[in-house]
Amino acid sequence: MHQVLSYIDERQQGYERHPFFTELLDNQRLSGRERLAWAPCVIPFIMAYSDLNKYVFRDESRARRDDPLQRMLNIHTYEEDFHWQWMLDDMDTLGVNPKLSLSDAARVFWSPEMKVSRQLCLEFAAIASKTQSFGVYAMVEAIEAVSVTIFKHCRGIALENGVECEFFGTKHYMAEAGHLIKSEGEPKARLPELTEEQRFEARAVVDRVFALFNAWSDSLIQYARKHSTAPLAAYEQMIDVSQKLPREMVLPEYAS
């Protein structure tokens with residue numbers, strides 16, 4: 001397992017060179033609001049990730065009680081349980097939290113602009129359904145590596161009033177860096193050895209996770225560039241596009 005963790009470190013270093021960091025989060029020529037203009041776009045992923053932890057990654061059944069990787073995964077799911085609340089509070093801090101009807105809010109979150117954020121957890125659930133605990137553990141370690149990287153670069157980003165966000169800031173970075181799954185103590189020392197076949201499968205899972213997050217980061221920087229100057233107007237555009245969609249079935253040409 002330790003070889004897989006070293007591989008995650010390598011992929012994490014490559015991910016950190018993404019323009020999401022070099023051109024947006026680390027760009028001090030931009031205001032704090034501009035550097036965090038992508039924040040609304042992550043809501044579908046973060047809320048779904050909360051469910052993923054509770055209903056997919058967590059397994060407290062008697063049959064899995066002796067699996068050391070599953071025990072660490074279970075603890076991790078509780079450590080992640082409340083982070084989404086910080087994110088929702090930050091929407092007020094960032095001034096991107098208008099009052100919308102329930103149907104309009106749904107149109108925003110299921111808009112094409114947030115498609116990649118919606119797809120992430122579906123992909124992760126699909127991966128988890130096809131691998132054993134070592135593969136799920138590798139996936140969660142890779143997800144956490146991405147998370148730590150993002151919030152490391154969010155540290156110190158202040159708004160014009162000097163306020164720093166909780167989720168998109170130092171508080172969240174410290175929480176992520178302090179999770180058991182990121183520690184180097186006794187639990188990590190007792191990680192099981194994997195067979196060559198298992199290491200190959202785990203590395204493939206890691207590659208898929210980073211590919212998904214690279215695509216996600218592409219979508220976040222596009223969202224920020226497109227909507228940083230008028231974040232609330234962005235919702236109106238998404239709602240308008242959704243309202244104009246057809247109410248009847250439209251078959252593709254090949255089906256006619």
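# A guided tour by selection

The structure holds twelve salt bridges, a salt bridge being a side-chain nitrogen of Lys or Arg within 4 Å of a carboxyl oxygen of Asp or Glu. The model is predicted, so local features are taken only at a pLDDT of at least 70 and side-chain atom pairs only at 80 or more, while totals for chains, interfaces and linings use all residues. Residues are numbered from 1 along each chain as its sequence is written, and side-chain values use heavy atoms, with hydrogens and water left out.

**Stop 1: colour by confidence**

Colour the chain by pLDDT, the predictor's confidence in each residue, from 0 to 100. The chain averages 93, and 95% of the residues score at least 70. Select residues 19–25 next: this is helix α2, where confidence is highest, at 98. Helix α11 (residues 186–189) has the lowest, at a mean of 60. Where pLDDT is low, the predicted coordinates should not be read in detail. The helices named on this tour are DSSP runs of H or I with at least four residues, numbered from the N terminus; strands would be runs of E with at least two.

**Stop 2**

Select Asp207 and Arg11, whose side chains meet in a salt bridge at 2.6 Å, N to O. Asp207 belongs to helix α12 (residues 196–227) and Arg11 to helix α1 (residues 2–15), so the pair ties together parts that are 196 residues apart in sequence. Relative accessible area, computed with a 1.4 Å probe on protein chains only, divides residues into buried (under 20%), exposed (over 50%) and partly exposed (in between). Asp207, at 29%, is partly exposed, and Arg11 is partly exposed at 24%.

Move to Arg58 and Asp81, a salt bridge of 3.9 Å, N to O. This pair links distant parts of the chain, 23 residues apart: Arg58 sits in the loop between α4 (43–57) and α5 (68–79), and Asp81 in the loop between α5 and α6 (83–93). Arg58 is buried at 16% relative accessible area, whereas Asp81 is partly exposed at 25%.

Then select Arg64 and Asp67, which form a salt bridge with their closest N and O atoms 3.6 Å apart. Arg64 is partly exposed at 25%; Asp67 is buried at 18%.

**Stop 3: helix α9**

Select residues 133–154, which are the 22 residues of helix α9. From first C-alpha to last the helix reaches 31 Å, close to the 32 Å expected at 1.5 Å a residue; the expected span is 1.5 Å times one less than the number of residues. Because 21 of its 22 residues are buried, α9 is largely enclosed by the rest of the structure. Just after α9, Gly156 takes a positive phi of about 80°.

**Stop 4: the largest cavity**

On a 1 Å grid over the protein atoms alone, a cavity is a set of points where a 1.4 Å probe fits but cannot get out; a pocket is an open set with protein on both sides within 12 Å along at least five of seven lines; and lining residues have an atom within 4 Å of a point. Grid points are joined across faces, edges and corners, and a volume is the space filled by probe spheres set on the points.

One cavity of 30 Å³ or more is found in the whole structure. The largest cavity holds about 230 Å³ of space. Select Phe45, Ile46, Ser147, Phe151 and Phe167, which lie nearest its centre among 22 lining residues. Two or more lining residues come from each of α4, α6, α9, α10 (170–177) and α12. Helix α9 gives the largest share, six residues. The lining comprises 14 nonpolar, five polar and three charged residues. Here Ala, Val, Leu, Ile, Met, Phe, Trp, Tyr, Cys and Pro count as nonpolar, Asp, Glu, Lys and Arg as charged, and the others, Gly among them, as polar.

**Stop 5: the largest pocket**

The largest pocket contains about 440 Å³ of space. Select Ile43, Pro44, Ala105, Val108 and Phe109, which are nearest its centre among the 22 residues of the lining. α4, α6, α7 (102–109) and α8 (115–129) each supply at least two lining residues. By class, 17 are nonpolar, three polar and two charged.

**Stop 6**

Select Phe124, in helix α8. Phe124 counts as buried, at 0% relative accessibility, and its C-alpha is separated by 9.7 Å from that of Ile143, 19 residues away along the chain. Leu122 also lies in helix α8, but counts as exposed at 62%. To finish, draw the distance between the C-alpha atoms of Leu122 and Ala37: these residues are 85 apart along the chain, and the atoms are separated by 24 Å.
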